[in-house]
Amino acid sequence: MLTIAMAAMELAHTIVEEEFDQESRLSAAARARRVLSRFLVVVIVSLSIESLVAVFKVVHDDPSKLSEAAYIAFAAAALLVAWGLFIKLGQRGEPREG
């Protein structure tokens, strides 16, 4: 529950900041990348912590279920890779400043 609350709070903070902060003049794509990046940081860190907790719990309770707990870590790693691709491909389509 704490993980979900933290992710929701970060997303709400980001949305409020984007809507009411008139100083930042980013393109729509850059704003979307920034909002999604902030949210994914929270989700990936939460999944990583959850996977560590699950692994320690499973190791002590029933080591035969370790592969089930490892799926959470694989999900976090997959999200991290997908996020990196999203950022790389998103920046490729934007014009460079300077």
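Trainee: How many helices and strands does the protein have?
Mentor: This is a predicted model, in which local features need pLDDT of at least 70, side-chain atom pairs count only at pLDDT 80 or more, and totals for chains, interfaces and linings use all residues. Residues are numbered from 1 along each chain as its sequence is written, and side-chain values use heavy atoms, with hydrogens and water left out. Helices (H or I, at least four residues) and strands (E, at least two) are DSSP runs, numbered from the N terminus. Along the sequence the pattern is α-α-α, and the count is 3 helices and 0 strands.

Trainee: Against which helix do the buried residues of H3 pack?
Mentor: Buried means under 20% relative accessible area, with a 1.4 Å probe and protein chains only. In H3 the buried residues are Ala69, Ala76 and Trp83. They pack against helix H2 (28-61).

Trainee: Is Leu40 buried or exposed, and what is its relative accessible area?
Mentor: Leu40 lies in helix H2. Beyond its neighbours within four places in sequence, Leu40 is in contact (heavy atoms within 4.5 Å) with Leu79 and Trp83. Leu40 is buried, because its relative accessible area is 13%.

Methods. Buried < 20%, exposed > 50% of the residue type's maximum accessible area, 1.4 Å probe, protein only.
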